Amino acid sequence: IGRSCAGHADEVYALAGDAGPVVCVTEASTQGLLRGAEELREKRVLIGEDEVIEKLTLLVRASAGAGEARLVLERDSEGWLRTDGGDGGRARVDGGRPNGGRAPGVDADGDAIAQWLSALRALVPSAFERISDAAGRDDPALLRARGLDRPRATLTVDRGVDMGPEVLTL
């Protein structure tokens, strides 16, 4: 496996599946298999596209640890709603239309949310550091050393049942 195929220029032997057969494939087609884990790492900070995002929850803690602010935005068939109760008592259903069937909340600016998500997608990490132990569990000492044991902000992006949540911690 991996040696040049007899009589086939620029091809190498490969094993199809776990038990064969042995086949010849172009050497160029195997280059992606030689990448290391670091090259395959997802480098985007936010992965989910707007269409699959159902809910955004932003939690920001005060620097002194006293208090926090929460913003919850949920999408339904008609757009985005702010549903965290931070509306100064102006909560309404379906943009003020009675019995509209929407969850209680305040209409949110869909264009502003799209711009915010786009800006998050444009972020590029400068480095990746290990924060887990050998078993893949969060290591409290490594989290503490990087200030992530009590993060200043957490954004949870709910992408539905099929895709699950994405959590960004700062």
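Begin by selecting Cys5 and Cys24, which are joined by a disulfide with an S to S distance of 2.2 Å, a disulfide being counted when two cysteine sulfur atoms lie within 2.5 Å. This is a predicted model, in which local features need pLDDT of at least 70 and side-chain atom pairs count only at pLDDT 80 or more, while totals for chains, interfaces and linings use all residues. Residues are numbered from 1 along each chain as its sequence is written, and side-chain values use heavy atoms, with hydrogens and water left out.

The structure holds one disulfide, and this pair links distant parts of the chain, since Cys5 sits in the segment before strand 1 (11-15) and Cys24 in strand 2 (residues 22-26); strands are DSSP runs of E with at least two residues and helices are runs of H or I with at least four, numbered from the N terminus. Cys5 is buried at 5% relative accessible area, whereas Cys24 is partly exposed at 31%; buried means under 20%, exposed over 50%, and partly exposed in between, with a 1.4 Å probe and protein chains only.

Next, select Glu166 in strand 9 (residues 165-169), which is buried with a relative accessible area of 8%. A polar atom of the Glu166 side chain lies 2.6 Å from the backbone nitrogen of Ile47. Leaving aside neighbours within four places in sequence, Glu166 is in contact with several residues, including Val45, Gly48 and Val157, where contact means heavy atoms within 4.5 Å.

Finally, select Val157, which touches residues including Leu46, Ile53 and Leu56, not counting those up to four places away in sequence.

How values were computed. Polar contact = N/O pair within 3.5 Å; in protein donor to acceptor, adjacent residues only side chain to side chain.
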